[in-house]
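Please have a look at it first, and then we will go through some details together.

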Amino acid sequence: MSKAFLEVSGLAKVYATKEGNDFTVYEDVNFTLDKGEFVCIIGHSGCGKSTILNTLAGLDDPSGGAVIMNGKEVKGPSLERGVVFQNYSLLPWLSTLSNVEFGVKARWKDWSKSKVREHSTRFLNMVGLEHALNRKPSELSGGMRQRVSIARAFATQPELLLLDEPFGALDALTRGVIQEELVKIWSETHQTVFMITHDVDEAILLSDRIFLMSNGPNAAIAESVKVDIPRPRQRNTIFQQPGYYQLRNYLVNFLVNRSAEKPEDTSGKPKEVNPLSGLETSSAPDAAISEDSVQAQNNEHPLAVNQ
Amino acid sequence: MIQSMPFRAALLSIVMAVLMFGVWEAAVVTPEKSTEMTEYEMLMGGADQEARVPPPSDVLKHAWGELSDPFYDKGPNDKGIGIQLAYSLYRVLTGYVLAALIAIPIGFVVGMSPLMYNALNPFIQILRPISPLAWMPLALFIIQDSETSAIFVIFICSIWPMLINTAFGVANVRGDWINVARTHELSALRTAFQVILPAAAPTILTGMRISIGIAWLVIVAAEMLVGGTGIGYYVWNEWNNLDLNSVIFSILMIGCVGMLLDLSLARAQKLVEYNE
């Protein structure tokens, strides 16, 4: 039994169809998260990423398996697990500041009004919204709304932050700016983050590890790819880091060519992969990927849970 | 400035009013009696000549007289228009507030619970289309007080729009907002007051606005039945007195008060409205 911060074991989601058959979205999903880790999960639509995230949040009940956080099973939503939804989910009748204060007041019920305000304002400043405290969400752009949502989630300081494709609805320029803000706020708080994304570059910029999901039905987390690029990372310079494109190619290759394959490993644990482990010796990236990834299956990654 | 839309609309309204009153005034000119009166007509004091719709100038003159002393009280059959309207408003507001106190909490429960919704739906569907005046005989028999019966009729007609709109508004609160409440571990009571109530408030206010409109329609008919006081009784009493000046004047007053009631709720609706 590992002493991981968060342990997911045997998680399954099965829907009954009209014909009476069972439709298995995913089954036997197993993974662990360490404290302070930033993990992104990538996969094609329909593989059940959002359902996994909602199950971690406690908003969705699994058909089988369990989520254990800090040794306790997750049953229902909790302030220990903050969620940033794709559609922001701000309360439209409250101002920017009140939306964040809503979360802070729920978290620390005995705080004084001024303390709640001071704390909320600090987190809104972190995402650069000090000028929009009294505006309603309808008066904000999509990017600004998502910043409020991120500020609300970080301000409540949950042990685990769940981000459901937070930048999915934003244009590329706004997305880049908010990614940097997310990096900044995360480097100050070092919360554990589990995030869904469709953007490979975003995942490399933000993550310690990237989970790759195979296609549904009967989806699984096929691989857990280590992002061996030193921090702090900068969006405008990260692609000059050695191995960046090698890692990127590896991820894209999986999504384009290999996501339909069923993982050969039937233990349910994702295969640990570090595409950059043999970096110095490799000259031809494409050839190196396949060789290295085979070697890297059971490398000395500190989070390796393969038996 | 002069070209602005509100200005032009106001100008047009005035022109239409003047035209309307002009046509009305011209249409109801007292015809000159050409032939001599018959014996019967003389006995009746030439009443047929007076039995006509009064011209607007007479109505305005009469209105001026009534409005300059709205609160006089010369016995049960002769009270000022202000007193009559105050009685009607008192009945409407009492019945309406009672209905709101019951309809909104029940609507909340019905909206939150599909079980309650399905259980109560048949009752609501049967009770809702009943004309509120149909309750009057039963109310008079059970309550045995005409004043309270009128209030009950207002209560029963205002309850349905508020109940249905509240249930609809609560049931259609976006799931995301409920999830926000759940992930913040809000208690059921806090979720109700801090998330569901503000989210459903515009729909609830719409129901309240429909209800006050219906209540004001119904009070006139109810007071014609129960008699004694109120604007509905006043209209009917002046009809019995064959005082059409008063009848037309009170019709206009009913319209004005109804508009003010609706405006005040429209104002309240503005306060709770939000844009997504």
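I begin with Trp108(A), which counts as buried at 19% relative accessibility, where buried means under 20% relative accessible area, exposed over 50% and partly exposed in between, with a 1.4 Å probe and protein chains only. Trp111(A), at 21%, is partly exposed.

A word of care: this is a predicted model, in which local features need pLDDT of at least 70 and side-chain atom pairs count only at pLDDT 80 or more, while totals for chains, interfaces and linings use all residues. Residues are numbered from 1 along each chain as its sequence is written, chains are lettered from A and ligands numbered from 1 in the order in which they are written, and side-chain values use heavy atoms, leaving out hydrogens and water.

Over all chains, a search of the whole structure gives 11 aromatic pairs. One of them is the stacked pair of Trp108(A) and Trp111(A), with 4.4 Å centre to centre and 10° between the planes; rings of Phe, Tyr and Trp (its six-membered ring) pair if their centres lie within 6.5 Å, and count as stacked with planes under 30 degrees apart, edge-to-face over 60 and tilted for the rest. Phe31(A), Phe194(A) and Phe211(A) are linked into a cluster by ring pairs.

Now to helix 3 of chain A, residues 113-126, where helices (H or I, at least four residues) and strands (E, at least two) are DSSP runs numbered from the N terminus. Its buried residues include Val116(A), His119(A) and Phe123(A). Just after helix 3 of chain A, Gly128(A) has a positive phi of about 70°.

Conventions:
Expected span 1.5 Å × (residues − 1).
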